[in-house]
Amino acid sequence: MDAVSPLPAEQNPQPLRIIDNDATLPGPIFFYDVISSSLDVARSLVRERRLPIWGSLLARSQTGGRGQMRRPWNSPPGNVYATLRLPTSPPLNGTAAAPAIGALLAEGLGDLGLEVQLKWPNDLVVRHRGRPCKLGGILLEEYDGSLLAGIGINLTSSPAPEDLRRGRAFDATHIAAVAPAPAATSPFSSPEELWNRLVRNIYFCYAQVLPLSIRWRQAAEAHLLWRGSPVTLTDNGMTVQGVLLGLGPSGGACLQYDGRTEEFLSGSLNGAAGTAERP
């Protein structure tokens with residue numbers, strides 16, 4: 001989870017429209033055209049006390065989208081570039097936040113008919129042509145006492161292999177490449193329709209009778225890529241090879257190696273060549 005300093009005062013972009021009177025939504029949705037990034041604008045809305053918990057915004061494209069480690073996030077029109085303000089109650093107030101939100105997104109997309117896996121800690125993955133490919137990602141930022149989840153989902157396009165960082169676990173794909181051609185009423189017919197439905201589903205998954213603070217680990221592990229398979233974890237020059245058992249109590253990757261089990265709270269996972277991914 002990235003902690004950021006306040007932005008300097010600047011003129012806020014004006015939303016194209018706002019949905020704030022739909023009783024089926026947990027909070028308002030602000031729709032924008034071209035912005036710097038959804039996280040930047042969300043921080044401005046929080047500063048102005050205009051973005052409540054479960055409020056969100058969606059942009060047509062971004063000029064300064066970012067992913068983990070501040071890497072640029074290519075943001076052409078046609079995909080989902082959104083930020084959702086989340087409650088800061090357990091498990092979303094600690095290191096388990098990323099896999100817990102990943103589980104909510106995976107379940108929410110599953111309810112829309114798309115089988116998604118979670119590559120720990122914050123990548124969304126689908127199978128394309130028999131292999132896992134990155135569909136989207138999550139970037140968490142804390143600002144002014146709020147938790148903001150920047151969410152990118154490839155709907156109509158995805159970066160070419162030559163545009164991705166070296167050393168990546170696998171290539172990217174998009175929903176249009178893995179799902180049937182959408183009808184006009186499909187949840188995948190447009191970024192706006194997908195985000196509208198996904199926000200509802202995320203909130204429904206969160207608000208189930210059994211609190212997320214109790215069931216987040218089981219939900220995340222149900223979608224965990226490479227669970228039970230050999231993996232390699234790298235972090236700041238350290239490399240560990242072992243079997244991914246699941247997630248630890250703090251949301252870290254729980255690896256069995258050299259006769260012991262350890263929970264790692266940071267790092268990047270890669271699957272061992274030739275191993276089968278378990279759902």
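Student: With which side chain does the side chain of His 128 make a polar contact?

Tutor: This is a predicted model, in which local features need pLDDT of at least 70 and side-chain atom pairs count only at pLDDT 80 or more, while totals for chains, interfaces and linings use all residues. Residues are numbered from 1 along each chain as its sequence is written, and side-chain values use heavy atoms, with hydrogens and water left out. A polar contact is a pair of N or O atoms within 3.5 Å, where, within protein, one must be able to donate a hydrogen and the other to accept it, and residues adjacent in sequence count only if both atoms are side-chain atoms. At 3.2 Å, the partner of the His 128 side chain is the side chain of Thr 173.

Student: Is His 128 buried or exposed?

Tutor: His 128 lies in strand β7, residues 123-128, where a strand is a DSSP run of E with at least two residues and a helix one of H or I with at least four, both numbered from the N terminus. Buried means under 20% relative accessible area, exposed over 50%, and partly exposed in between, with a 1.4 Å probe and protein chains only. Because its relative accessible area is 16%, His 128 is buried.

Student: Why is helix α1 largely enclosed by the rest of the structure?

Tutor: Helix α1 covers residues 38-47, and its buried residues include Leu 39, Val 41 and Leu 45. Among the elements that cover them are β3, β5 and β8.

Student: How are α2 and α5 oriented to each other?

Tutor: The axes, which are lines fitted to C-alpha atoms, for helices over the stretch in contact, with angles from 0 to 180 degrees between N-to-C directions, come within 9 Å and cross at roughly 70 degrees for α2 and α5. Angles under 35 degrees count as roughly parallel, over 145 as roughly antiparallel, 65 to 115 as roughly perpendicular and the rest as oblique. The two helices, α2 and α5, are therefore roughly perpendicular.

How values were computed
Contact = heavy atoms within 4.5 Å.
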